Amino acid sequence: MPKKRIRYWRNTMKKTALGCLALLLLCVFPLSAVAEKRIIGKVKGLRGLVSILRDGRTEPAFPNDEIYQSDTILTGSDGAIGILLEDNTLISMGPIGRISMDKFQFTPSRNEYELRLHMMHGTFIYQSGLLGKLAPHAVELQTPVGRISMLKDTSFKAKFTE
Amino acid sequence: MEHPMNWKIVFVLLSFPLLVSGCGSKENFIILSPASEGLVGALEVETEKGSAILDEEGKVMYIAGLTSFPAEPTEISTAESQELFRDVLQVHPLMPQSFLLYFQHSSDALTEKSQKLIPAILEAVKKRQSRDIAIIGHTDRTGGEGYNRILSMERAQVVYDILRGQNIKGEEMTILYHGEANPLVHTADDVAEPRNRRVEVMVR
């Protein structure tokens, strides 16, 4: 094959690869953006200063505010928050706490269940909801001292220190 | 005279990290909540060293760190646990409460017994300061699907109107209706089943 043609092929291949990559990015990013924006629960109890870190911005939390998947919640020295998830799981956190709501999926009609939280620091109350009843194995909690998984429908209180 | 003083300070400085790490064993722990509906839960904690199971109500498991084994679960008094979680207990929400209101056959009139449940619903709303009330209408399988869809909507609307009349704001309520598609008791078509002629009120 003459050198020119090889170069032509290489360029075409490059363009095709770039095109594919662009398409892939277009496909993946809008979808992940939609997934990030999913409402998973609401603020039901609140005291003192509590902030929500979402998409790189920190906003103060108020009662009845919506909680989205991927939110990180931080409490001040007098802050505390109680959250009700869509499946009736209750999660509360005391002062100087930090938790991220990594993943929540609750679609009984399609048998899709997943709850992943990262309890980084603070005191917590976790009260199991429908997800914990229907699919305890779909609950996975990360903590500074390791991973908690449910063997059956379970509620607990805990303290973790980073 | 100055030297002993300095040594004291050095000693305090040196022992400080030891004191802090000594406290570390009580910095991380999990307490299993008492049984709900007669069932005791069970969870597994997995550190880098290994895993352990906590499956006795009211017991506490201390975990010194990611690179230690979780300790053997021990007893903890309710009073101590209440004290440790005082701040967080104050904001912990009440579990949502669900009410079933039943209706007369092929009608949007509540049964007498169900009418008496309305104060309990209002009480549940008040206790939670709820602004999140779902009203979900259902029918049994007598009559056609289309008819039942409308009947289930009318039933939900009746409950909405009752609650609206008790000063619950419209924007705090959501109406849903499923016709005969979500029975509580499964039956063949055209079977009258009073337990399916219902509106569920979920106070969240």
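# Reading the terms in a two-chain model

Guide: S106(B) sits in the loop that joins strand 6 (97-102) to helix 4 (112-115) of chain B; helices (H or I, at least four residues) and strands (E, at least two) are DSSP runs, numbered from the N terminus. This is a predicted model, in which local features need pLDDT of at least 70, side-chain atom pairs count only at pLDDT 80 or more, and totals for chains, interfaces and linings use all residues. Residues are numbered from 1 along each chain as its sequence is written, while chains are lettered from A and ligands numbered from 1 in the order in which they are written.

Visitor: Why is S106(B) called partly exposed?

Guide: A residue is buried if 20 or more other C-beta atoms, placed from the backbone, lie within 10 Å of its own, exposed if 12 or fewer, and partly exposed in between. S106(B) has 15 other C-beta atoms within 10 Å, and therefore counts as partly exposed. S106(B) also has a positive phi of about 50°, although it is not a glycine.

Visitor: What makes D190(B) exposed?

Guide: D190(B) has 10 C-beta neighbours inside 10 Å, so it counts as exposed. D190(B) belongs to the loop between strand 8 (173-177) and strand 9 (198-203) of chain B. Its phi is positive, about 65°, although D190(B) is not a glycine.

Visitor: How do you know what span to expect for helix 6 of chain B?

Guide: The expected span is 1.5 Å times one less than the number of residues. Helix 6 (residues 145-165) has 21 residues, and its reach of 30 Å from first C-alpha to last is close to the 30 Å expected. Among its buried residues are L151(B), V159(B) and L163(B). The buried residues of this helix pack against strand 6, strand 7 (133-137), strand 8 and strand 9 of chain B, where contact requires C-beta atoms, placed from the backbone, within 7 Å.

Key. Contact = placed C-beta atoms within 7 Å.
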